[in-house]
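I opened this entry to go through the structure step by step. My notes follow.

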Amino acid sequence: MSRLWIVACLLCTPAIAAAAETPSIRVGSKAFTESVVLAEIVAHLAESKGVAVEHIEGLGGTRLLWEALLAGQIDVYPEYTGTLREEIFAGESVDDAEALREALARFDLVMTKPLGFNNTYVIGMKEDLAAERGIRTIRDLRDHPDLILRFSNEFMMRADGWHALARRYHLPHADVRGLEHALAYEALDKGVIHVTDLYATDAKVRKLRLCRLRDDASHFPNYDAVYLYRRELETRTPGLVSAIRSLEGWIDEDRMMDMNVRVELDGWPESRVAAGFLAETRGIDTRSRDPRWFRDVVRYTVEHLHMVVLSLAAAMLVAIPLGVVAANRENLAQPILGLVGIIQTIPSIALLVLLIRPVSYFSDELGFPQAVVALFLYSLLPIVRNTHAGLRGISPQLRESSLALGLPRWVRLWRIELPLASRTILAGVKTAAVINVGFATLGGFIGAGGYGEPIFTGIRLNNYSVILQGAVPAALLALLVQGGFEFVDWLVVPRGLRLKPSG
Amino acid sequence: MIQLHDISKRYGSACAVQNVDLDVAPGRTTVLIGPSGCGKSTLLRLMMGLIRPDAGTVRFEGQALTPANAMQLRRKMGYVIQDGGLFPHLTARDNCTLVARYLSWSRDRMEGRLRELVELTHFPSEGLNRYPAQLSGGQRQRVSLMRALMLDPDVLLMDEPLGALDPMIRRNLQEELRSVFRALGKTVVMVTHDLAEAGYFGDAIVLLRRGEIAQAGSLHELLHAPADPFVTQFVNAQRQPLVVSEGTP
């Protein structure tokens, strides 16, 4: 059994190595450049006010940020009035700014005045294709049902999204589906798709030479950029709140598009663009935090391993006993196996979002704890199932022999049954570990760090080298885990079980 | 030593054992014999409390066997099954000393007992550090016997202990086993389907048919005073090999 202790100690090391500090405010941003830049501006302002700040960037989707803001896992993030109306308060009458402000007050949230630009949705396509077909307005699309329309998943779901748009303009296009927004540009450029949703200040409009189709019927509402923050911030960091509010009306569409272009076309880090904006317009000097590749890869690795190891260790502590119970109580076997099976069928991104609120009761951190809990839940099935199968697979003769020796239940379990089932149990743990290494990249979706962070950032910036920074080590890690288990097999599986039987 | 009183046991709708009364005498070898499915192994398991009877009582040394005391009482019984039932993840030594270690025997006491058993069973002592997969069938059966005898039980229960061995080895082990039984003077209950083996070991033979005792007595009685036609039929079916064993004492 002493070998099990070695394993236990090995499992704990990364957990000790990565203890996190608590910042005094957290800024969130969505998974597109503009949102990250606007959040970086707040981060730099906070720094200039001496407030410790953490920017949890590139979170996947409005719902996620909204939940995180309500749960207090982030304090402030940039948002658009149209998004609040159409997505958060859909069905409520919050037509003017005052009504919206009141609706937000119910949640103890405050919205700044517009920052100065209206980043409404526009429908876009390649300039040359539009010219060739003579398409200028959204209405013109009606005469071209052969065009392939693909919209961001968010746009497909929104109240003012595709379905409302199609009704408004009587668009005949069939088989219109959702697509990750960052991939849509690539597809548009390659001609795989023809029409997609864009933002008014999108840098890609310049980069990919896109034309924005006119919205004759004024279908899209205003998407004025604002900051949304928790009311308690006014008492906690009043200086920062007034600094944020001083940005109201300072960022117009041209300036925002410039900043987007700096990041997406010139490859500047968002932090440097934000610092440049503050220095230029407000005379505030802050230090830009440029990414450093080697240091970052080390950090991603530590975070990724931390997630995988922690979730796996917790899953083993829960799943092996559950498997033991399932193997010994026939009436509990089906409920237990069924339950962990159902967990497995929850889509991973939905699970991450669902976990935000419950997890916030235990931790005020966003990303890491949710990712660990999600990975923990996904690890249960292979371990529970293999523990159950391993124990049930012990031959009746051996079971009877151990019973006949007159050993108590727990000694039989510990000295005979678990060692006999060890190989099968370990196979389940290994499956869970390899799956976890892959699944953990989805942590990038909710700001958990790890290899998912560069992958998601890379997709957002359409920058392959950044994607590879996450994808290559993740693949290597999966191989390493696979290999590492050969060693664990040697540690844990009794020698007698690895021998080929003689005559 | 072991008394079964009016024992019945069903598996689903099939009746494994029906109204059996049996008294296993101390210090002697009792052999349970009969065609497959006659309930002989079930009877052995009932004696160990590995299964519970639907009706009737099992007494061990005068004490009624219950789920509460079965674990304690089993330590006074040694159990050997057909293929040995050794745990493949433990060495021969660890298989033998598993229970002794749980009972916190001293190392000296364990090693002393192992030395006695190695001598008794003619097991090569260097084999103690091998795993079951590294031992021959005969060696595995010797280890199984050592494991059963480790705590010096009052009773030895054996379910077809030599059944999986080839005839040559089986013959040698039969001789050795009988001399072990004689040397120890223990109560032995053995299950076999082989009348020759039953006659070779058994002070008393219990012939079972469909869960009931057809006849209990010596081999001589079975041969010469069969209780009913089934006994004659069973005996005749195995008559040929008996020419050899009937002559031996």
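I started with the domains of chain A, where the assignment gives domain 1 (24-118 + 223-282), domain 2 (121-213) and domain 3 (293-498). I kept in mind that this is a predicted model.

Next I looked at how domain 1 and domain 3 of chain A sit relative to each other. Their centres, taken over C-alpha atoms, are 37 Å apart. I found 18 residues of domain 1 of chain A in contact with 16 residues of domain 3 of chain A. On the domain 1 side, β2 (53-59) and α3 (62-70) of chain A each supply at least two residues. By class, that side of domain 1 of chain A has eight nonpolar, five polar and five charged residues.

Then I turned to the largest nonpolar core, which holds 207 residues. Which residues touch the most other members? They are A:Val42, A:Ala371, A:Leu375, B:Leu157 and B:Val206. Helix α15 (residues 293-328) of chain A gives this core its largest share, 15 residues.

Leaving out residues up to four places away in sequence, A:Ala371 touches A:Met307, A:Leu352, A:Ala440, A:Gly443, A:Ile446 and A:Ala448.

I noted 10 helices and 10 strands in chain B. Its radius of gyration is 18 Å, close to the 18 Å from the globule rule for 249 residues, so chain B is as compact as a globular protein of that length. The C-alpha trace of chain B spans about 55 × 45 × 30 Å along its principal axes. Of its 249 residues, 43% count as buried. Among contacts in chain B with a separation of 6 or more, 68% join residues 24 or more positions apart.

Key:
Residues are numbered from 1 along each chain as its sequence is written. Chains are lettered from A and ligands numbered from 1 in the order in which they are written. This is a predicted model: local features need pLDDT of at least 70, side-chain atom pairs count only at pLDDT 80 or more; totals for chains, interfaces and linings use all residues. Domain bounds come from an automatic or database domain assignment. Two residues are in contact if their C-beta atoms, placed from the backbone, lie within 7 Å. Helices (H or I, at least four residues) and strands (E, at least two) are DSSP runs, numbered from the N terminus. Ala, Val, Leu, Ile, Met, Phe, Trp, Tyr, Cys and Pro count as nonpolar, Asp, Glu, Lys and Arg as charged, and the others, Gly among them, as polar. A nonpolar core is a set of buried Ala, Val, Leu, Ile, Met, Phe, Trp, Tyr and Cys residues joined through C-beta atoms within 7 Å. A residue is buried if 20 or more other C-beta atoms lie within 10 Å of its own, exposed if 12 or fewer, and partly exposed in between; C-beta atoms are placed from the backbone. The radius of gyration is taken over C-alpha atoms; the globule rule is 2.2 Å times the number of residues to the power 0.38.
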